[in-house]
Amino acid sequence: MDLTGSYTIPAKQSAVWAALNDPDILKECIPGCETLSMLSETEFAATIVAKIGPLKARFTGRVELSEIDPDNGYRIRGEGSGGVAGFAKGGARVHLQGAGDGTVLTYEIEAQISGKLAQLGSRLITGVVNSMAEKFFTTLVSKVTLGGPTEDGSSNA
């Protein structure tokens with residue numbers, strides 16, 4: 001499964017970059033995220049509960065950042081296991097570009113799933129992933145514009 005999209009965020013590029021690298025903000029933005037902890041400057045461990053059709057599963061896994069271009073983007077790769085629900089792995093390329101007073105975030109996601117998840121059908125899974133992406137960006141916008149980090153790393157709150 002491959003997904004692409006873009007989202008315009010009404011905040012400076014450096015503030016969006018800071019939010020995308022703040023585990024506390026990311027935890028609040030990722031739907032169903034129970035835990036998100038930094039293992040190193042480029043690696044996170046996470047536990048996420050996801051409901052996809054009739055399946056509800058708790059996924060545990062790791063995410064690693066690479067090809068880091070500060071304030072401009074990175075590649076994110078991860079994998080997680082949901083027990084009997086299956087296994088998911090994939091990645092995304094995230095790119096930021098200033099646009100006046102805002103920032104355009106573009107993303108390209110590729111994902112592979114196995115187990116019971118793969119039996120649900122790509123249309124259902126694509127719909128759930130799109131819904132999760134929309135929730136992620138809606139929350140990210142609120143965090144960046146209403147209380148997230150500023151250019152210098154301090155809080156807007």
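Partly exposed, for a residue, means a relative accessible area between the buried limit of 20% and the exposed limit of 50%. I need that for the residues I will go through. The model here is predicted.

My topic is salt bridges. The count in this model comes to seven. I will take three of them.

Start with Lys143 and Glu28. They form a salt bridge, and their closest N and O atoms are 2.4 Å apart. Lys143 sits in helix 4, residues 122-146, and Glu28 in helix 2, residues 23-29, so this pair ties together parts that are 115 residues apart in sequence. Lys143 has a relative accessible area of 26%, so it counts as partly exposed. Glu28 is partly exposed too, at 47%.

Next, the strands. Glu67 and Arg93 meet through their side chains in a salt bridge, at 2.9 Å from N to O. Glu67 belongs to strand 4, residues 55-69, and Arg93 to strand 6, residues 87-99, so the parts tied together are 26 residues apart in sequence. Glu67 is partly exposed at 49% relative accessibility, and Arg93 is partly exposed at 33%.

Then Arg77 and Glu110. Their salt bridge has its closest N and O atoms 2.6 Å apart. Arg77 is in strand 5, residues 73-81, and Glu110 is in strand 7, residues 102-114, so the pair links parts 33 residues apart in sequence. Both are partly exposed: Arg77 at 39%, Glu110 at 27%.

Which residues are linked in a network of salt bridges? Glu67, Arg75, Arg77, Arg93 and Glu110 are.

Note on methods:
Residues numbered from 1 in each chain as written. Predicted model: local features only at pLDDT ≥ 70, side-chain atom pairs only at ≥ 80, totals over all residues. Heavy atoms only, no water. Salt bridge = Lys/Arg side-chain N within 4 Å of Asp/Glu carboxyl O. Helix = DSSP H or I, 4+ residues; strand = E, 2+ residues; numbered from the N terminus. Buried < 20%, exposed > 50% of the residue type's maximum accessible area, 1.4 Å probe, protein only.
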